[in-house]
Amino acid sequence: MLWFLIMRRYLLALEYIQDKNLLKQIFRLKMADKELKAFLKEAKEQIKAKEFKSALKEVKKVLNKDKNNYMGLVFCGLCLSELDQPDQALQAYRKATESNPDQPTAWEGLAKFFEKYAAKEEYMKDRICCLQKLLDFHKVSMKHDFRCIV
């Protein structure tokens, strides 16, 4: 009987330690989330001020912690496009659209990118596909708006 009580206390202590470690991990994730949001907020402010180089530094902080962060990739594409680095900008926008294809923000950024570099013949096919995707978003939006009216 004594052995059973000792084992029970030992198991309860292990559960407590595991729960405590889990709480620490959750706390670290929450802190990382807040940190990422702060970097994105600063990047957004820098973009508004047309300070694309410093905005890119903030975005890179986000992408160093979460390489698939959707808004980080979108902001990265925008900054790189404005800094005349079209190949890297295109890569960032594509990664954003692949990671979250049902969100229009990256597609809109990609469309603006293609508009800026419209003279490049190599982007024509991709530009048409991008505009088709935006048209699809618009159709879905119109159907939803129409249902709300009826």
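Two residues are said to be in contact when they have heavy atoms within 4.5 Å. The structure is a predicted model, in which local features need pLDDT of at least 70 and side-chain atom pairs count only at pLDDT 80 or more, whereas totals for chains, interfaces and linings use all residues. Residues are numbered from 1 along each chain as its sequence is written, and side-chain values use heavy atoms, with hydrogens and water left out.

**Overall architecture and confidence**

- The chain has six helices and zero strands, where helices (H or I, at least four residues) and strands (E, at least two) are DSSP runs numbered from the N terminus, and the pattern along the sequence reads α-α-α-α-α-α.
- The mean pLDDT of the chain, pLDDT being the predictor's confidence in each residue from 0 to 100, is 81, and 71% of the residues reach 70 or more.
- Among the elements of the chain, helix 3 has the highest mean pLDDT (96), while helix 1 (residues 2-48) has the lowest (70).
- Where pLDDT is low, the predicted coordinates should not be read in detail.
- Of the 150 residues in the chain, 29% are buried, a class that means under 20% relative accessible area, with exposed meaning over 50% and partly exposed in between (1.4 Å probe, protein chains only).
- Among contacts in the chain between residues at least 6 apart in sequence, 51% join residues at least 24 apart.

- Leu40 lies in helix 1 and is buried, because its relative accessible area is 15%.
- Not counting residues up to four places away in sequence, Leu40 touches Val62, Asn69, Met71, Gly72 and Phe75; the C-alpha atoms of Leu40 and Met71, which are 31 residues apart along the chain, are separated by 7.7 Å.
- Gln46 also lies in helix 1 and counts as buried, because its relative accessible area is 18%.
- Once neighbours within four places in sequence are left aside, Gln46 is in contact with Glu51, Ser54 and Ala55.
- The contacts of Glu58, leaving aside its neighbours within four places in sequence, are with Phe39, Glu42 and Ala43.
- Between Gln46 and Glu58, 12 residues apart along the chain, the C-alpha atoms are separated by 8.9 Å.

**Loop residues with positive phi**

- Most residues other than glycine have a negative phi, and most peptide bonds are trans.
- Lys50, in the loop between helix 1 and helix 2, has a positive phi of about 65° although it is not a glycine, and Lys50 counts as exposed because its relative accessibility is 61%.
- Asp84, in the loop between helix 3 and helix 4 (86-99), likewise is not a glycine and has a positive phi of about 55°; at 53% relative accessibility, Asp84 counts as exposed.

**Aromatic pairs**

- Rings of Phe, Tyr and Trp (its six-membered ring) pair if their centres lie within 6.5 Å, and planes under 30 degrees apart count as stacked, over 60 as edge-to-face and the rest as tilted; by this rule the count comes to three aromatic pairs.
- One of them joins Phe113 and Phe114 in an edge-to-face arrangement, with 5.5 Å centre to centre and 65° between the planes.
- Phe113 counts as buried because its relative accessibility is 1%, and Phe114 is buried with a relative accessible area of 2%.
- Tyr93, Phe113, Phe114 and Tyr117 form one aromatic cluster.

**The largest pocket**

- On a 1 Å grid over the protein atoms alone, a cavity is a set of points where a 1.4 Å probe fits but cannot get out, and a pocket is an open set with protein on both sides within 12 Å along at least five of seven lines, lining residues being those with an atom within 4 Å of a point.
- The largest pocket holds about 250 Å³ of space, where grid points are joined across faces, edges and corners and a volume is the space filled by probe spheres set on the points.
- Helix 3 (70-82) and helix 5 (104-116) are the elements that give two or more residues to the lining of the largest pocket, and helix 5 supplies the largest share, six residues.
- The lining includes Val74, Phe75, Leu78, Tyr93, Glu108, Lys112 and Phe113.
- By class, the lining has five nonpolar, three polar and four charged residues, where Ala, Val, Leu, Ile, Met, Phe, Trp, Tyr, Cys and Pro count as nonpolar, Asp, Glu, Lys and Arg as charged, and the others, Gly among them, as polar.
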